[in-house]
Structure formats: structure tokens, C-alpha cells
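Colleague: Please take me through this model, one feature at a time. I would like to know how each should be read.

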Amino acid sequence: MTAPGGRFYVDAWDPSYGASFEATATGPAAPSSAQVETDAELPAVDWRAIDVRAGVRAPDVVLLVDGVRRIDASIWTAEEDGGSFPGLAASYAAGVVRCDLERGSAQLAGTRVGRGLFTASPSARDVVAGSVRYPVHRVGGTGELAKLPAAVQGPLTALEVAVSDAVRTDGDLLVVDGPLRSRRNLPRTLGYIKTQHSQYLDARLTAVVTGLAAGQRSPVFRVGTAWGGWSWYLRLPVSAGAPWAGIVRVECSPDLDVAEAIELADLSLVTLPRFASTPYKDPRAPQNLIPIAGLERRLRGLLGDPRLLHRALTAAARAGTARR
């Protein structure tokens, strides 16, 4: 088969999961409007791939935390004034895997499940569907249906913090699947971003990133946004392929000084690659880390059968058991 006009690559990810690097009509990922400080670890003119430094060893214990969420039903409330508000009945769960690298073992260290009715309705009350309760989480604004899924993220993040705090010990490393967001104050914590939506660097520095070999990282840079902080890219073990294959972005708290951020960047380079998945086991390999993939499956099971929950919610609405 002849390639159509020049080189092309096939993203290793299963297309049903999107792509490891999200492209837009404006090019390979939308340029970020954030101010970026690229001279933190190395001057921008000297940017190069950084290898594992001598003497850096992985921590004895790594904690990997993740959360999942699911919309069980869309609802509408009828107000006394004749108006109505949309709402979502959602289930969410968080868990943490404790990896003892010294012993070569991993175990599920804790899980928690939450549910909620997310709506701007002033009259909404907790919904009891069979043996399951959906407490009201009242959202601000007009409560448009399209914006309600984002409201679930806050309680889910709080659940992730709670479940990880319960098992932390001195000297461990906590890896959060996704951006740190409100968890930036947690000590020795990394945000692990496996899908790249924004382009933070100019073309020349981006070329350094896409030129990384497996087991190398970029210099540390700083993203100046409300949710920004210290950040860097690294490439996980991967077969030759697309320029962004196997590349993830890692971030840590902006409250750290640059030396502390560099220390965590070096630590990530000797820690994260050992958890990389393989294509024959995971359609999002290598970015979807092996402990995270197993944790996601367990958490989705804890959410319960979606068909039964939808049926129970429908029955509760028909019977008028939504508490007012």
C-alpha cells in the first residue's frame, strides 16, 4: 500500500478512546494562552533531552490514585412557579493503589464511592432510589444541562484526596491520574496527564519534546495559569511511531522552588516508566499506567449496575419518593 503524500503515523491508542495527542483545526493541539517560563531548569536556548541522573532511585512506595464517574440519569425538576431545572444523578468513586517497589508488590489500599443529584433547582431534595441515596449538590448559575457534568469533578476530587490521605506515609510518592487542580498543596505529589490537549511550547522547544527517546524528559518549565505549576514532558517505553507516542506531561505544585521541582522531575523519570502498559494489554498503552488501568476497572464495578440504578431512579420519580 502506498502512503498518501509523505510520512504518516498511526496512533497506538484505540480510536474509541480518542487520541493520545488531541489535534484541532488550528494544528497539532491548540496553542495555550498561558504564560510559560521555559528558563527554569535550563535556558531555552540550551534545551535538550535529559536522561536519568546518576544516583537517583525510585521511592520505596508509590501511591497511584484515580477516580471514575458516571451519569446514572438525567432528571428535570418541576418548580412551583411553573419553571423547571435540569439535573444529573451521578455516581463516582475514587481509589488508591499502593505499589511497594522494594518488595515488588501492589495492592488496592482503599476505595470510596459517592453519589449525588447535581442541579440548580432551589426545590430539589435528596433522592432515594431503592437502597441508594443521591444527596443534593446544588450548583450555581442557571444550571444548564451541558455544564452539569463538570460539577461532579469537585466532589470526585475531594474523594480522591480523602482516599489517598488515609494511606500516605513519609517518603512515599503520590501520582494523581490527571491534573493536580486543587491538590497542588499535597506533598510529594505528581499530576500525570496522559492526553495532551494544549501546546505550551513554541515550535523549537516542542521539537525537543517530540525528539525525546524512551526514558528521557524535557527540562522543567512553569505554566502561569490559575491551575498551573511546574511541568515537564517525558516519554514512556514505546515502539517507534508518531512524534507524540508515549509522551506524557507531568506537573507538581507551583509552591515548590525550582530545585524541588527538578528533584521530582528526576524522580518521575525513574518511577513512571516502570508502570507503562503494553498495547496487547491496554488500548491506551503506554500512557495508561498498569495500576491505574486495574484500578479503573475495580472502581467502575463499585459504581453498581447502571441499568438497575436507572430503573430505581425512574421508579422513585414515578412513585414520588423524591424527598421534597
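**Contacts of Glu41**

Modeller: Glu41 touches Ile50, Arg53, Arg217, Ser218, Pro219, Val220 and Ile262, leaving aside residues up to four places away in sequence. The model is predicted.

Colleague: Where does Glu41 lie?

Modeller: Glu41 is in the loop that runs between strand S2 (35-37) and strand S3 (61-78).

Colleague: Is Glu41 buried or exposed?

Modeller: Buried means under 20% relative accessible area. Glu41 has 15%, so Glu41 counts as buried.

Colleague: Which polar contact joins the side chain of Glu41 to another side chain?

Modeller: A polar contact is a pair of N or O atoms within 3.5 Å. The side chains of Glu41 and Arg53 form one at 2.7 Å. The Glu41 side chain also reaches the backbone nitrogen of Val220, at 2.8 Å.

Colleague: Now the strands. How many residues of strand S14 are buried?

Modeller: Strand S14 (residues 247-252) has six of its six residues buried. Ile247, Arg249 and Glu251 point one way from S14, while Val248, Val250 and Cys252 point the other way.

Colleague: Which strands pair with S14?

Modeller: S10 (residues 189-193) runs antiparallel to S14, with three bridges joining them. S13 (residues 230-235) also pairs with S14 in the antiparallel sense, over six bridges. Arg249 in S14 stands opposite Ile193 and opposite Tyr233.

Colleague: And for the protein overall, how many helices and strands are there?

Modeller: There are six helices and 14 strands. Of the 324 residues, 47% count as buried. Among contacts between residues at least 6 apart in sequence, 63% join residues at least 24 apart.

Note on methods
Residues numbered from 1 in each chain as written. Predicted model: local features only at pLDDT ≥ 70, side-chain atom pairs only at ≥ 80, totals over all residues. Heavy atoms only, no water. Helix = DSSP H or I, 4+ residues; strand = E, 2+ residues; numbered from the N terminus. Buried < 20%, exposed > 50% of the residue type's maximum accessible area, 1.4 Å probe, protein only. Polar contact = N/O pair within 3.5 Å; in protein donor to acceptor, adjacent residues only side chain to side chain. Contact = heavy atoms within 4.5 Å. Pairing = 2+ DSSP bridges.
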